[in-house]
Amino acid sequence: MKVIHTVKDLQAELQACKDKKMTIGLVPTMGALHAGHISLVNRSVAENMVTVVSVFVNPTQFNDKNDLLTYPRTLKEDCKLLEDNGVSYVFSPSEKEMYPEPDTRVFTYAPLDTVMEGKFRPGHFNGVCQIVSKLFSFVSPDKAYFGEKDFQQLAIVRKMASELFPNLTIVGCPIMREKDGMALSSRNARLTPQQRTEALTISKTLFASVEYSKSHSVSETYQFVIDGIAANSALKLEYFELVDGNTLQGFTNWEDTNYAVGCITVFVGEVRLIDNITYKKN
């Protein structure tokens with residue numbers, strides 16, 4: 001495995017691969033890797049001859065400077081994990097390498113990017129599209145892999161790719177969870193042991209709401225989740241939305257959609273955690 005820090009070196013390596021007609025998979029990450037990331041890596045390694053993993057904490061997608069400063073950075077450990085799992089190249093650029101000058105591009109994909117995360121983190125998805133589009137341009141992969149935990153992000157990346165990179169296949173991969181059900185996240189490392197216990201309420205409530213939804217209305221299911229989170233004083237709900245999995249728009253009755261997803265964001269102390277659950281998918 002090679003660790004590369006510049007776009008020029010990365011493209012030189014990948015051009016040699018393309019000359020040999022080798023297929024390339026890309027897994028964009030911000031590092032602090034866990035089993036969820038590795039599930040994406042394993043999928044890419046299985047489906048492509050070459051796998052590139054980017055490790056870059058992208059400043060343009062953070063609208064909270066403290067969140068950017070405290071985001072875990074573990075490049076040495078990440079590289080060991082990636083090498084053990086068959087990755088060909090790690091691309092770990094500096095901020096100046098990725099942004100030699102300010103990126104003034106504006107990406108708008110309303111209504112996908114105006115609800116949920118878009119509402120509470122203005123500019124976040126523009127930053128995501130800036131960095132992901134750069135990576136797509138630099139790597140020119142055949143496939144790129146994203147986790148379904150960032151459900152809204154995946155929908156927006158799909159939309160962007162369909163317009164700007166029509167030959168690229170975006171592969172969504174299922175949420176990976178701990179044995180107790182908690183969604184894997186790099187931010188979990190910032191939780192104290194007590195907060196980690198409290199945070200389990202999030203996934204437990206979502207799982208319970210799926211069973212509850214089978215005999216209750218959309219509004220009743222919504223309230224069930226709201227009440228479940230509110231019952232734990234250690235948690236602060238930012239939002240919970242029941243949306244169509246394709247349009248990310250809300251609905252009134254279960255019959256109104258073939259793909260119903262519940263998306264949630266909760267603060268545990270100062271740590272912001274997201275999760276989602278599927279209620280129906282036909």
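Colleague: Which residue stands opposite Leu26 in S5?

Modeller: Strands, like helices, are DSSP runs numbered from the N terminus (E, at least two residues; H or I, at least four, for helices), and two strands pair if DSSP finds at least two bridges between them. Here Leu26 faces Ala144 in S5, within the parallel pairing of S2 (residues 24-29) and S5 (residues 143-147) over 2 bridges. This is a predicted model, in which local features need pLDDT of at least 70 and side-chain atom pairs count only at pLDDT 80 or more, while totals for chains, interfaces and linings use all residues. Residues are numbered from 1 along each chain as its sequence is written, and side-chain values use heavy atoms, with hydrogens and water left out.

Colleague: In what order do the 6 strands of the open sheet run?

Modeller: The order is S1-S4-S3-S2-S5-S6, with parallel pairing; the edge strands, S1 (2-4) and S6 (169-173), each pair on one side only.

Colleague: Which strands does helix H8 touch?

Modeller: Contact means heavy atoms within 4.5 Å, and angles run from 0 to 180 degrees between N-to-C directions of lines fitted to C-alpha atoms, for helices over the stretch in contact. Helix H8 (residues 151-164) packs on the sheet against S5 and S6, its direction making about 170 degrees with that of S6.

Colleague: How far apart are the end C-alpha atoms of H9?

Modeller: The expected span is 1.5 Å times one less than the number of residues. For the 21 residues of H9 (residues 193-213) the expectation is 30 Å, and the end C-alpha atoms are 31 Å apart, which agrees.
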